[in-house]
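Dear colleague,

I am passing the structure on to you with this email, and below it you will find my notes on what turned up. Please read them with the model open beside you.

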Amino acid sequence: MAGTLFPPKKGPMGIMFGRKKKKEQISREEVSEGLRSKYGSAAREYGERYFNLADLESRIRTMMNGGMEPLKFLAQEMDFFLRAEKLALSHRQKKENVRKANAVIDQILEEHARKIEAYPDLFFHPRASFEMRKLVGGMQPLIEAASGVCNANPESRSALIELERFAVKDEKPSLFLLHYAEQVSVLPPLEGKRHEQRIMQTAAVAIAMIRKQCKILEKEKGIDLSAIQKIVSIADALLEDFRLSSLAFSAVR
């Protein structure tokens with residue numbers, strides 16, 4: 001846009017007024033009107049935050065009353081204008097980058113909400129968040145399936161015990177879940193959110209651990225492969241749909 005607002009530095013100054021004129025023929029009034037027009041267009045384009053018309057009028061009065069050469073004044077204004085335009089374009093690009101980033105985040109959140117919508121909303125405590133209720137609801141079939149096959153050795157039983165910390169039996173949540181809800185109730189909002197994130201990570205690790213043990217059990221004789229495959233399938237879906245994979249597999253190899 002800069003090239004159309006002012007003439008090139010090597011070109012005749014009169015171009016900005018729509019016709020060529022000798023330098024000495026350009027009056028203060030013509031310079032003033034030309035600048036008002038250009039600044040007005042720029043103010044409409046970028047806003048008066050960058051091109052303040054009142055400030056321009058103040059500078060024009062100073063030029064008129066002080067007897068400054070119109071071409072010298074024009075050169076100063078050109079320099080100011082181009083710097084202001086560069087700043088305006090930079091801020092506009094930053095805003096556009098933020099808008100694009102927010103759009104991506106919104107899309108991710110919408111996709112996440114769509115995925116977890118299919119899970120049961122297990123209302124185990126009034127202070128439990130929607131996402132935690134959904135996760136706990138989704139973990140119940142996994143706990144039930146794992147309890148039938150994960151008692152084959154100490155390692156798989158240990159993984160099952162960790163998973164059962166998220167169990168809700170006969171509408172009664174585990175002591176671990178009750179403690180989570182009580183902590184969220186008394187902590188400040190930001191601390192409560194961080195505490196919940198730690199609980200989500202605990203859930204992610206428990207899911208990944210049971211999955212790992214099932215993959216080990218898969219190699220044993222006499223194991224119910226269909227039951228193992230069901231557990232692994234549920235675990236994989238939970239980790240993906242609740243965006244827990246990175247948390248889980250950073251702790252469980």
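His 195 touches Tyr 180, Gln 183, Val 184 and Leu 187, when residues up to four places away in sequence are not counted, and contact here means heavy atoms within 4.5 Å. The residue is found in helix 8, where helices (H or I, at least four residues) and strands (E, at least two) are DSSP runs numbered from the N terminus. His 195 counts as buried because its relative accessibility is 10%, the classes being buried under 20% relative accessible area, exposed over 50% and partly exposed in between, with a 1.4 Å probe and protein chains only.

Please keep in mind that this is a predicted model, in which local features need pLDDT of at least 70 and side-chain atom pairs count only at pLDDT 80 or more, while totals for chains, interfaces and linings use all residues. Residues are numbered from 1 along each chain as its sequence is written, and side-chain values use heavy atoms, with hydrogens and water left out.

As for the chain overall, it has 10 helices and 2 strands, and of its 253 residues 39% count as buried.

His 91 and Tyr 46 lie 45 residues apart in sequence and 9.8 Å apart in space, C-alpha to C-alpha.

Turning to helix packing, helix 2 (residues 28-46) and helix 3 (residues 53-66) pack at an angle of about 170 degrees, with their axes 10 Å apart; axes are lines fitted to C-alpha atoms, for helices over the stretch in contact, and angles run from 0 to 180 degrees between N-to-C directions. Helix 2 is therefore roughly antiparallel to helix 3, a term used for angles over 145 degrees. Residues making this contact include Leu 35 and Tyr 39 of helix 2 and Leu 56 and Ile 60 of helix 3.

Lastly, the largest pocket is lined by Glu 131, Lys 193, Glu 196, Gln 197, Met 200, Gln 201, Phe 242, Arg 243, Leu 244 and Leu 247. On a 1 Å grid over the protein atoms alone, a pocket is an open set of points where a 1.4 Å probe fits, with protein on both sides within 12 Å along at least five of seven lines, and lining residues have an atom within 4 Å of a point. Helix 8, which also holds His 195, gives the most to this lining, with 5 residues.

With best wishes

Technical notes: Parallel < 35°, antiparallel > 145°, perpendicular 65-115°, else oblique.
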